[in-house]
Amino acid sequence: MTQPDTSTRSLIIEKEFPHPPEKVWRALTESSLMEQWLMKNDFQPVTGHSFTLRREPMPNWNGVIDCQVLAVEPCRTLSYTWGTLGVETVVTFTLTPTDAGTHVRMEQSGFRPDQETNYKGAKYGWQKIIDGLERVVAGLE
Amino acid sequence: MRSTADNLFKALSDPTRRAIFERLTRNGEQTVRALTERSGVSQPMVSKHLSALKRARLVRNRRHGRETHYQARPEALAPLVDWIGNYGAFWQDRLDRLAEVLERMDK
């Protein structure tokens, strides 16, 4: 048996949009616009606000993602937790103005074993899965 | 015939099977009898669950005398890990959609 890996892995996706940061920010933070590209939601750009993202339920998953807003810096940074299937990660969007528009960096971080449940038994198998997830996510970068 | 991934997801969908798999992962190789003593279900049920786990390649077994010993194979979780890895594709897809939304917004 290996020791628990306490490091975290991130999934990072970057994309440049030919639009000013103000406009990208609206799409990232206005509930009706978010629904068009992300999921149905009851998001509000308020730190501490809890909300859910919903997609069609599928076998073994009700399609609900539980989130809480961690940081709101208009036109610069938006961060919220992303909890589903017992795994909580953090999604952070960072906007940077460029000559052509806006550079968006999406980072989903915190794929790691749950420290609290390490070795507590019931969740050990799932910890193994998350350990494996780290390898996959590392390979995606 | 079911694919390995189907067998894997199906095997892990049952809490008793997950508990057996987790116990083997945690405590190493064990006999069917030892697993039965702690599982709260009958030996035939444990054997049935072990067969499902074996189909998913989550466990391997060996005979030793009159006892069958089972061992976990956590590496068999790979298809599940790949599935979760689709998150990368998920975000690519969503950001492409975001680009479309931005195009449609007040010009």
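Read along the sequence, chain A of this predicted model follows the pattern β-α-α-β-β-β-β-β-β-α. In total, chain A holds three helices and seven strands. Of its 141 residues, 48% count as buried. Among the contacts in chain A with a separation of 6 or more, 43% are accounted for by residues 24 or more positions apart.

Chain B has six helices and three strands. Their order along the sequence is α-α-β-α-α-β-β-α-α. Chain B has 107 residues, and buried residues make up 41% of them. Where contacts in chain B link residues at least 6 apart in sequence, 53% join residues at least 24 apart.

A:Thr29 belongs to helix 1 of chain A, which covers residues 21-29. With a relative accessibility of 8%, A:Thr29 counts as buried, because this value lies under the 20% limit for that class. The side chain of A:Thr29 reaches the backbone oxygen of A:Trp25 at a distance of 2.7 Å. When residues up to four places away in sequence are not counted, A:Thr29 touches A:Met34, A:Phe43, A:Pro45 and A:Leu78.

A:Leu33 lies in helix 2 of chain A, residues 31-37. The relative accessible area of A:Leu33 is 9%, and the residue is therefore buried. Apart from neighbours within four places in sequence, A:Leu33 is in contact with A:Arg26 and A:Ala27 in chain A, and with B:Val101 and B:Met105 in chain B.

Two loop residues of chain A were also examined. A:Pro57 is placed in the loop between strand 3 (50-54) and strand 4 (64-73) of chain A. A:Pro57 counts as exposed, at 63% relative accessibility, because the class begins over 50%. Leaving out residues up to four places away in sequence, A:Pro57 touches A:Asn62 and A:Gly63.

A:Cys75 is found in the loop between strand 4 and strand 5 (77-84) of chain A. A:Cys75 has a relative accessible area of 22% and is partly exposed. The phi angle of A:Cys75 is near 65 degrees, a positive value in a residue other than glycine.

In chain B, a positive phi near 65 degrees, in a residue other than glycine, occurs at B:Arg57. The loop that holds B:Arg57 runs between helix 4 and strand 2 (59-64) of chain B. B:Arg57 has a relative accessibility of 49% and so counts as partly exposed, because the exposed class requires a value over 50%.

The packing of helices was described for two pairs in chain B. Two packed helices are described by the angle between their axes and the distance between the axes. Helix 2 (residues 15-27) and helix 3 (residues 32-39) of chain B have axes that come within 11 Å and cross at roughly 120 degrees. Helix 2 of chain B is therefore oblique to helix 3 of chain B. The crossing of helix 2 of chain B and helix 3 of chain B is right-handed. From helix 2 of chain B, the residues B:Ile20, B:Arg23, B:Leu24 and B:Asn27 take part, and they meet B:Leu35, B:Arg38 and B:Ser39 of helix 3 of chain B. Sorted by class, this contact between helix 2 and helix 3 of chain B has three nonpolar, two polar and two charged residues.

The second pair is made up of helix 3 of chain B and helix 4 of chain B, the latter covering residues 43-55. The helices of this pair pack at an angle of about 110 degrees, with their axes 9 Å apart. Helix 3 of chain B is therefore roughly perpendicular to helix 4 of chain B. Helix 3 of chain B passes helix 4 of chain B in a right-handed crossing. Helix 3 of chain B contributes B:Val32, B:Arg33, B:Leu35, B:Thr36 and B:Ser39 to the contact, and helix 4 of chain B contributes B:Gln43, B:Val46, B:Ser47 and B:Leu50. By class, the residues of the contact of helix 3 with helix 4 of chain B divide into four nonpolar, four polar and one charged. B:Leu35 and B:Ser39 of helix 3 of chain B are among the residues that meet helix 2 of chain B and also among those in the contact with helix 4 of chain B.

How values were computed. Residues are numbered from 1 along each chain as its sequence is written. Chains are lettered from A and ligands numbered from 1 in the order in which they are written. This is a predicted model: local features need pLDDT of at least 70, side-chain atom pairs count only at pLDDT 80 or more; totals for chains, interfaces and linings use all residues. Side-chain values use heavy atoms; hydrogens and water are left out. Axes are lines fitted to C-alpha atoms, for helices over the stretch in contact, and angles run from 0 to 180 degrees between N-to-C directions. Helices (H or I, at least four residues) and strands (E, at least two) are DSSP runs, numbered from the N terminus. Angles under 35 degrees count as roughly parallel, over 145 as roughly antiparallel, 65 to 115 as roughly perpendicular and the rest as oblique. A crossing is left-handed if the near helix is turned anticlockwise from the far one by less than a right angle, and right-handed if clockwise. Contact means heavy atoms within 4.5 Å. Ala, Val, Leu, Ile, Met, Phe, Trp, Tyr, Cys and Pro count as nonpolar, Asp, Glu, Lys and Arg as charged, and the others, Gly among them, as polar. Buried means under 20% relative accessible area, exposed over 50%, partly exposed in between (1.4 Å probe, protein chains only). A polar contact is a pair of N or O atoms within 3.5 Å; within protein, one must be able to donate a hydrogen and the other to accept it, and residues adjacent in sequence count only if both atoms are side-chain atoms.
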